[in-house]
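This report describes a single protein chain, moving from one of its ends to a residue in a strand and then to the chain as a whole. Please keep the sequence and the model in view while reading.

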Amino acid sequence: MAGTEDAYTAEPFVPRRGGLPALHRAATQTVFGAGKLLDRALTDAGIDPADAYVTNAVKHFKFTRAEPGKRRIHKAPTLRETTACGPWPAAELDRVAPEPVVVLGATAGKALLGSSFRVTQVRGTVLEEEIHGRPERLVPTVHPPPALGFARAGRCPQAVLRSDDRDGAYRGLVSDLEIAARALG
């Protein structure tokens, strides 16, 4: 008999039909969106932000306060939470059929490629992997956890905003997105 841990999945909540609007309506407290910095980076890389579908690998965020009176800080999801949310990006990949998938950051990469994923080792390359039973081309780059960019883009890259060398980090992001643009053909 399967234990509670084995049953920790969002699968029962993912609609089988209805396209993206059905996915958006079925989810509560989810994050579907993009940021201004990403839109600028996409444009600089030659990608129209309107052509991008942006989503998150882990749909629910949890926050903590570092100290009393300080702003909330996003906490990285656990492996259990990432695994539980897996049915959502699988359903989105199925409905959007992106080409390529831009994987933004470690959390998104681990959600799609497993716990051994290291964005620093593969960023700016084109990977060909089977994801949720489908062959996919992926371009990993930096990103705030836990998001994915489907189709032609990604989401607001906090890694750029947190960097000591913001200009260099931004140029690196644009360079990675240019690789994604070339992968579009």
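Which residue takes a positive phi just after helix 8? In this predicted model, that residue is G185, whose phi is about 90 degrees.

Helix 8 itself covers residues 166-183, and because 18 residues at 1.5 Å a residue should span 26 Å, the 26 Å between its end C-alpha atoms agrees with expectation. Aromatic pairs, by contrast, number zero in the structure.

R134 is found in strand 6, which comprises residues 134-141, and it counts as partly exposed because its relative accessibility is 25%, between the limits of 20% and 50%. Beyond its neighbours within four places in sequence, R134 is in contact with L93, D94, A97 and E129.

| Pair | Kind of distance | Value |
|---|---|---|
| R134 and A97 | C-alpha to C-alpha | 9.5 Å |
| R134 and E136 | side-chain polar contact | 2.9 Å |

The chain as a whole holds eight helices and seven strands, and 43% of its 185 residues count as buried. Of the contacts between residues at least 6 apart in sequence, 68% join residues at least 24 apart. The accessible surface comes to about 10,100 Å², with 49% belonging to carbon and sulfur atoms.

Notes:
Residues numbered from 1 in each chain as written. Predicted model: local features only at pLDDT ≥ 70, side-chain atom pairs only at ≥ 80, totals over all residues. Heavy atoms only, no water. Phe/Tyr/Trp six-rings, centres within 6.5 Å; stacked < 30°, edge-to-face > 60°. Helix = DSSP H or I, 4+ residues; strand = E, 2+ residues; numbered from the N terminus. Buried < 20%, exposed > 50% of the residue type's maximum accessible area, 1.4 Å probe, protein only. Contact = heavy atoms within 4.5 Å. Areas by Shrake-Rupley, 256 points an atom, 1.4 Å probe, with all protein chains shown as cover. Expected span 1.5 Å × (residues − 1). Polar contact = N/O pair within 3.5 Å; in protein donor to acceptor, adjacent residues only side chain to side chain.
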